[in-house]
Amino acid sequence: SAVPDGSSNGSDAVNGTAGRFVSSAEGTALAYGSLLLMALLPIFFGALRSVGCSKSKNASDMPETITSRDAARFPIIASCTLFGLYLFFKIFSQEYINLLLSMYFFVLGILALSHTMSPFMCRVFPAQLPNKQYQLLFTQGSGESKEEIVNYEFDTKDLICLGISSVVGVWYVLKKHWIANNLFGLAFALNGVELLHLNTVSTGCILLGGLFVYDVFWVFGTNVMVTVAKSFEAPIKLVFPQDLLEKGLGASNFAMLGLGDIVIPGIFIALLLRFDVSLKKNTRTYFYTSFLAYIFGLGLTIFVMHTFKHAQPALLYLVPACVGFPVLLALFKGELTEMFSERHDSVHLEEKTKMPRPQLCGSTLN
C-alpha cells in the first residue's frame, strides 16, 4: 500500500501520499484533503448500506461473511497474490498483462459503479416514465430436467445505471483519466465495505492484525509491492493531482491512496455500526468513534510521511487507531465482553434487531 506513484514525474506515493513535494503548498493540501474526503465517503455510506444488506432476503444481495479462518488466511493469500503478480510482471510483457487487467476491471468496474448508483437512481427516476421489468434467463435441458444457469431480473433503472457506468468504463479504458479511475475506485471501495462482512469483532482484529504485518513487511522489507504498483494499471487506488491548481484537469503529479487502506478498516467500522444497531440503544457511539479514529490514523500517516519524506504503510497507523479507540471505549463502558462475544454477521443481526426488510433499490439507516 505504500508504493511509488505511477505519475509522469516519478514522485513517490505514500499509501496515498506523494513523497516528493514538488507542488505548491496549496496544491499539496488540496490533494491530501481530497484523498481524505474520498476515503471517508465509501466508508460512511458503505457502512450504512451494510446494515440494510445484512437484513436482505434477496440471495443476490446477501453479503460475503468473513470468518476467523478466512481472516487468518487472508494475509497469506494476499501475499501469494502479490508475489505472483510480481513474478508475472518480471516474466511476461507488462503491456499484455495490463491489457488483460484493463478488460477485467472494465467489466467489474461497470458492475460495481452500476450497483453503487442504484439507490440514487431510485430516488431521481421520474415517476412519469415507465419502469419496465426484464429477466435474463438461461436454462439447460428441457422438460422436467430443465435447469436454470442464469436468472437475472432487472428494470429500466438498472439499464440506465448500466449505460452510465459503461460510458465511464469506455472513458477509463481509452484515456485512463484520473477522474474515471476514481469513480471506479470509489465504487469498488463502497461495494467492498457494503458486501464484505466480518462476523465478530475478534475476526476483525485477526484480519486487521494480519494485514498490519502484511503491509509493513511488503512495504519496508522488500521491493515487491513497489514493483507491482509501478507496473499495475488498474483502478485499485484513488488518485488526486497535486498540480491541479497549476495544470487543471491535465495535471500529472498524483498523490495516491490504495483501496485496501479504505476497505480493510472500512469493513471493521461497518461491523461496529452493526454492533451499535444490535445494542438497540439508538446510538452510534462505536461507529462514530471508529470513524473519527480512521480520520486520525490517516491524518497521522500523512503527517509522518510529510515530516520524514519517506513512504509509510497506512495500516501501520490505521489498525491501532481503528481497533484501539473502540476497544478502549467498550472497556470504559463495560461492554467489552459483549463486543467480543457476540456475532454481528447478517443472520444474527437480523434475528436480534427484527427490523423491516429494506427496499430493493437501496436502503438507509433509520
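Reader: Which residues make the nonpolar surface patch?

Author: Keeping in mind that this is a predicted model, the patch is made by F83, L87, F88, I91 and F92, and it covers about 510 Å².

Reader: Going inside now, which residues touch the most other members of the largest nonpolar core?

Author: That core has 86 residues, and the ones touching the most other members are I262, F268, Y286 and Y294. Helix α9, residues 260-279, gives the largest share of this core, namely 13 residues.

Reader: And what does F268 touch, leaving aside residues up to four places away in sequence?

Author: On that count, F268 touches L198, V201, G204, C205 and L208, and also C322 and V323.

Reader: Switching to charges, how many salt bridges does the structure hold?

Author: The structure holds four salt bridges. One of them joins the side chains of R73 and D70, at 3.2 Å from N to O.

Reader: Why are R73 and D70 about one helical turn apart?

Author: They are separated by about one helical turn because R73 and D70 lie three residues apart in helix α2. As for accessibility, R73 is partly exposed at 42% relative accessible area, and D70 is partly exposed as well, at 28%.

Reader: What about K247 and D243, are they buried or exposed?

Author: The side chains of K247 and D243 meet in a salt bridge at 3.6 Å, N to O. K247 is exposed, with a relative accessible area of 52%, whereas D243 counts as buried at 6%.

Reader: Which parts of the chain does the pair of E335 and K281 link?

Author: The side chains of E335 and K281 form a salt bridge at 2.5 Å, N to O. This pair links distant parts of the chain, 54 residues apart, with E335 in the loop between α11 (315-333) and α12 (336-341), and K281 in the loop between α9 and α10 (285-308).

Technical notes: Residues are numbered from 1 along each chain as its sequence is written. This is a predicted model: local features need pLDDT of at least 70, side-chain atom pairs count only at pLDDT 80 or more; totals for chains, interfaces and linings use all residues. Side-chain values use heavy atoms; hydrogens and water are left out. Patches are made of residues with over 30% relative accessible area and no salt bridge: like charges are joined within 9 Å, nonpolar side chains (Val, Leu, Ile, Met, Phe, Trp, Tyr) within 5 Å. Accessible areas come from the Shrake-Rupley method with a 1.4 Å probe; for residues, only the protein chains shown count as cover. A nonpolar core is a set of buried Ala, Val, Leu, Ile, Met, Phe, Trp, Tyr and Cys residues joined through side-chain atoms within 4.5 Å. Buried means under 20% relative accessible area, exposed over 50%, partly exposed in between (1.4 Å probe, protein chains only). Helices (H or I, at least four residues) and strands (E, at least two) are DSSP runs, numbered from the N terminus. Contact means heavy atoms within 4.5 Å.
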